[in-house]
Amino acid sequence: MTSSKFSLVLICLASCWMHACKIEYSFTGTTLDYNVTKTFSVANFFNDSGGGPANMGQLFTEELKDYFQRNTQLELIRNSGDLQLSGAITRYTISPQATVSNPNSNQPDRAGQMRITIGVEVDFVNLANEEENGKKSFSFFQDYDPRTTSLLQVETELVEVIFENIIQDVFTSTVANW
């Protein structure tokens, strides 16, 4: 009988210990406490870069909102959310990355690769934890081959890929605290 009482006590202690431990896991990696942080707002991002598609600021703003809605339980509100994101697109450049020699010595060499680089500056405010507030710059690039395609053919697709990467970086930097 003593061993069965001992086993019962051991099971009770293990059960109490397991209930005392709290393990939180999120598939998106967020560190948000949804009891404290319930809303977020995103101000319109403007294109201050002087380049790129005309709707680039609006596109970035909407994709940022969508990403936060898909990957958190936060409610999007127009202004003054518990988390607030604002900023601007500060850089849009197209630059040659690799030259290709022209076999005709009377003609100049050409670019074999061109690179689109976009930079975004984000202001982040967390009303629940002011230590996380700050301004940070994010950038990403994509290359294309101007010998086989024109900028007009690939610009929309490349901007979307660049924005996806920047938005993931913004997300992990703000609500995943990486």
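Me: Which residue forms a salt bridge with K135, and how far apart are the closest N and O atoms?

Reply: Side chains of opposite charge can pair when their charged atoms come close. The cut-off for a salt bridge is a Lys or Arg side-chain nitrogen within 4 Å of a carboxyl oxygen of Asp or Glu. K135 pairs with E121, with 3.7 Å between the closest N and O atoms. The two are 14 residues apart, in distant parts of the chain: K135 in strand β6 and E121 in strand β5. Salt bridges with shared partners join E121, K135 and D123 into one network.

Me: What are the ground rules for this model?

Reply: It is a predicted model, where local features need pLDDT of at least 70, side-chain atom pairs count only at pLDDT 80 or more, and totals for chains, interfaces and linings use all residues. Residues are numbered from 1 along each chain as its sequence is written, and side-chain values use heavy atoms, with hydrogens and water left out.

Me: Are K135 and E121 exposed or buried?

Reply: Read the relative accessible area: under 20% is buried, over 50% exposed, and in between partly exposed (1.4 Å probe, protein chains only). K135 has 55%, so this residue is exposed. E121 has 27% and is partly exposed.

Me: How many salt bridges does the structure hold?

Reply: There are 5. One of the pairs is K65 with E62, at 3.4 Å between the closest N and O atoms. Both sit in helix α2 (residues 56-71), 3 residues apart, so about one helical turn separates them. E62 is partly exposed at 35%. K65 is buried at 15%.

Me: Which side chain meets D143 in a salt bridge?

Reply: That of R115, at 2.7 Å from N to O. D143 belongs to strand β6 (residues 134-144) and R115 to strand β5 (residues 110-126), so this pair ties together parts 28 residues apart in sequence. D143 is partly exposed, at 31%.

Me: How are the helices and strands defined?

Reply: They are DSSP runs numbered from the N terminus: helices are H or I over at least four residues, strands are E over at least two.

Me: Which way do the side chains of strand β1 point?

Reply: In a regular strand the side chains alternate between the two faces of the sheet. In β1 (residues 39-42), T39 and S41 point one way, F40 and V42 the other. All four are buried.

Me: In which sense do β1 and β3 pair?

Reply: Pairing requires at least two DSSP bridges between two strands. β1 and β3 (residues 75-76) are parallel, over 2 bridges. L76 in β3 is the bridge partner of F40.

Me: Which residues touch the most other members of the largest nonpolar core?

Reply: A nonpolar core is a set of buried Ala, Val, Leu, Ile, Met, Phe, Trp, Tyr and Cys residues, joined through side-chain atoms within 4.5 Å. The largest one has 32 residues, and F60, L64, L85, I118, V120 and I166 touch the most other members. At least two residues come from each of β1, α2, β4 (83-100), β5, β6 and α3 (151-174). α3 gives the most, 9 residues.

Me: What does V120 contact, leaving aside neighbours within four places in sequence?

Reply: A contact is heavy atoms within 4.5 Å. V120 contacts F45, F60, A88, I89, T90, K136, S137, F138 and I166. V120 lies in β5 and is buried at 1%. Its C-alpha is 8.4 Å from that of K136, 16 residues away along the chain. With residues up to four places away not counted, I166 touches F60, I118, V120, F138, S139 and F140.

Me: Which backbone oxygen lies 2.8 Å from a polar side-chain atom of T174?

Reply: That of V170. T174 is in helix α3 and is buried at 7%. Beyond residues up to four places away in sequence, T174 touches F68, L85, F124 and E132.

Me: What is the phi of S80?

Reply: About 55°, positive although S80 is not a glycine. S80 sits in the loop between β3 and β4 and is exposed at 58%.

Me: Where is confidence lowest and where is it highest?

Reply: pLDDT is the predictor's confidence in each residue, from 0 to 100. The protein's mean is 84, and 75% of its residues reach 70 or more. Confidence is lowest in helix α1 (residues 2-20), with a mean of 53, and highest in α2, with 97. Residues 16-28 have pLDDT below 50, and this stretch has 2 contacts in the model beyond near neighbours in sequence.

Terms used:
Polar contact = N/O pair within 3.5 Å; in protein donor to acceptor, adjacent residues only side chain to side chain.
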